[in-house]
Amino acid sequence: MGEVGLFDKQAEVYLSARPKYPSECFSMLSNLTPHHSLAWDVGTGNGQAAIGVAEFCDQVIATDVSEAQVSLSMSDDELVAMFGCEGMVDLVTVATAAHWFDLPRFYSVVKRLLKPSGIITVWSYMFFTIDNPTPSLELTMKQVFETTLPYWNNGIRFVLDDYKTLPFSFESVGLGSEGEPLMLEMK
């Protein structure tokens, strides 16, 4: 039996608690992606981004932590071979997962997989905010956050600063860039 994935034990809670990505996000991606043959949704979690991308792409390959753990033992060449060959992918999406990755290696593989006209998009949501919280609720939330923060993955710093410091070595397609991510509202 394989190693248990990071979110396996709480998959149902994760599914019900995770915010929904706005449909406008997927419309923008569709309009920016010249071809819609093949997309790769990396760190797919419950698949919500992959489902959104599937609305306009013919084929979506969605991989997550268990798949990623397997791919760690694969060479970059073997990983590219999973997609057929280099230059086959129109769109790579990473929805609230890039902070888990070995970014230099991941970006290297993405550059090999993307078509010349292909794009990569990486996004995350901010921690939730509550309209008009009581002082006691604010204090409780602060205490929970400060108490649990030492146990979080080191990459959480990228999420905490809204991905503004996340290294991103790709050309902007008009939806933000390294150091200046586009902010969308999610409810």
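Which residue in β4 does Val89 stand opposite? Val89 faces Leu114 in β4. This is a predicted model, where local features need pLDDT of at least 70, side-chain atom pairs count only at pLDDT 80 or more, and totals for chains, interfaces and linings use all residues. Residues are numbered from 1 along each chain as its sequence is written, and side-chain values use heavy atoms, with hydrogens and water left out.

**Overall make-up**

- The protein has eight helices and six strands. Helices are DSSP runs of H or I with at least four residues, strands are runs of E with at least two, and both are numbered from the N terminus.
- From the N terminus on, the order of elements is α-α-β-α-β-α-α-β-α-β-α-α-β-β.
- Of the 187 residues, 33% are buried (under 20% relative accessible area; exposed is over 50%, partly exposed in between; 1.4 Å probe, protein chains only).
- The protein exposes about 11400 Å², and carbon and sulfur atoms supply 57% of that area (Shrake-Rupley method, 1.4 Å probe; for residues, only the protein chains shown count as cover).
- Among contacts with a separation of 6 or more, 71% come from residues 24 or more positions apart (contact: heavy atoms within 4.5 Å).

**The sheet**

- Four strands form an open sheet in the order β2-β1-β3-β4, with parallel pairing. Two strands pair if DSSP finds at least two bridges between them.
- β2 (59-63) and β4 are the edge strands, and each pairs on one side only.
- Neighbouring strands of this sheet are turned by 15° against each other on average, direction ignored (axes are lines fitted to C-alpha atoms, for helices over the stretch in contact; angles run from 0 to 180 degrees between N-to-C directions).

**Strand β3 and its partners**

- β3 covers residues 89-95, and seven of its seven residues are buried.
- Four bridges join β3 to the parallel strand β1 (residues 38-42). Asp41 has Thr93 in β3 as its bridge partner.
- Six bridges join β3 to the parallel strand β4 (residues 114-123). Ala95 has Trp123 in β4 as its bridge partner.

**Helices against the sheet**

- Helix α2 (residues 23-32) packs on the sheet and touches β3 and β4. The direction of α2 makes about 165° with that of β4.
- α6 lies across β1, β3 and β4, and runs at about 145° to β4.
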